[in-house]
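Hello,

I am handing over a structure that is new to you.

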Amino acid sequence: NKILLISITGFLIFYLWIVGNAACSDIYYQWKVNSFDFDKDGFFSGAEITPAQTKAMEHLTNDVGRNFSFITGVIFAFIFSIIIYIMGRLVSKFKKT
C-alpha cells in the first residue's frame, strides 16, 4: 500500500509539473504577443505587425506539445509511476531477503 501511494503521488506530481510547465509557457507567450497590441483591441494591424511580433505569434500558435500536454502528461506520468512502483517493489523484496 505504501509503494502504491508513493507511485500515485509521483504520478500526480509529475503530471502537474508537465501540465503546469505547459500552462506557464502558454501564459508567457500570450503575454508576449499581447505586448505588441498597442491599442489593446485584440487585433494586429499596421505598425503592430513587426518581425518580433510575428515570431512571438509563431511561438504561441505553432506549439502542439503545449496544447496536448494534458494527454502526453498522463502518458509520461503513468510510465514514471510504473517505474517508481516496480523499483519500490524490488527494493522491498530485496529488503526482506
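**Helix α1 and the rest of the chain**

The buried residues of α1 are Ser7, Gly10, Ile18, Ala22 and Val33. Bear in mind that this is a predicted model.

What do those buried residues pack against? Their partners are α2 (51-61), α3 (64-67) and α4 (69-96).

Helix α1 itself covers residues 2-34, which makes 33 residues. From its first C-alpha to its last it reaches 47 Å. That is close to the 48 Å expected at 1.5 Å a residue.

Now the whole chain. It has four helices and zero strands. Read from the N terminus, the order is α-α-α-α. The radius of gyration is 21 Å, well over the 13 Å that the globule rule gives for 97 residues, so the chain is more spread out than a compact globule. Along the principal axes, the C-alpha trace spans about 75 × 20 × 15 Å.

Take the contacts in the chain with a separation of 6 or more: 67% of them join residues 24 or more positions apart. Of the 97 residues in the chain, 18% are buried.

Then the surface. The accessible surface of the chain is about 7,400 Å². Carbon and sulfur atoms hold 72% of that area.

Last, charge. How many positive and negative side chains does the chain have? There are 9 positive and 7 negative ones. The centres of the two sets lie 32 Å apart.

Best wishes

Note on methods: Residues are numbered from 1 along each chain as its sequence is written. This is a predicted model: local features need pLDDT of at least 70, side-chain atom pairs count only at pLDDT 80 or more; totals for chains, interfaces and linings use all residues. Side-chain values use heavy atoms; hydrogens and water are left out. Helices (H or I, at least four residues) and strands (E, at least two) are DSSP runs, numbered from the N terminus. The expected span of a helix is 1.5 Å times one less than its number of residues. Buried means under 20% relative accessible area, exposed over 50%, partly exposed in between (1.4 Å probe, protein chains only). Contact means heavy atoms within 4.5 Å. The radius of gyration is taken over C-alpha atoms; the globule rule is 2.2 Å times the number of residues to the power 0.38. Accessible areas come from the Shrake-Rupley method with a 1.4 Å probe; for residues, only the protein chains shown count as cover. Lys and Arg count as positive and Asp and Glu as negative; His and the chain ends are not counted. The place of a charge is taken as NZ of Lys, CZ of Arg, CG of Asp or CD of Glu.
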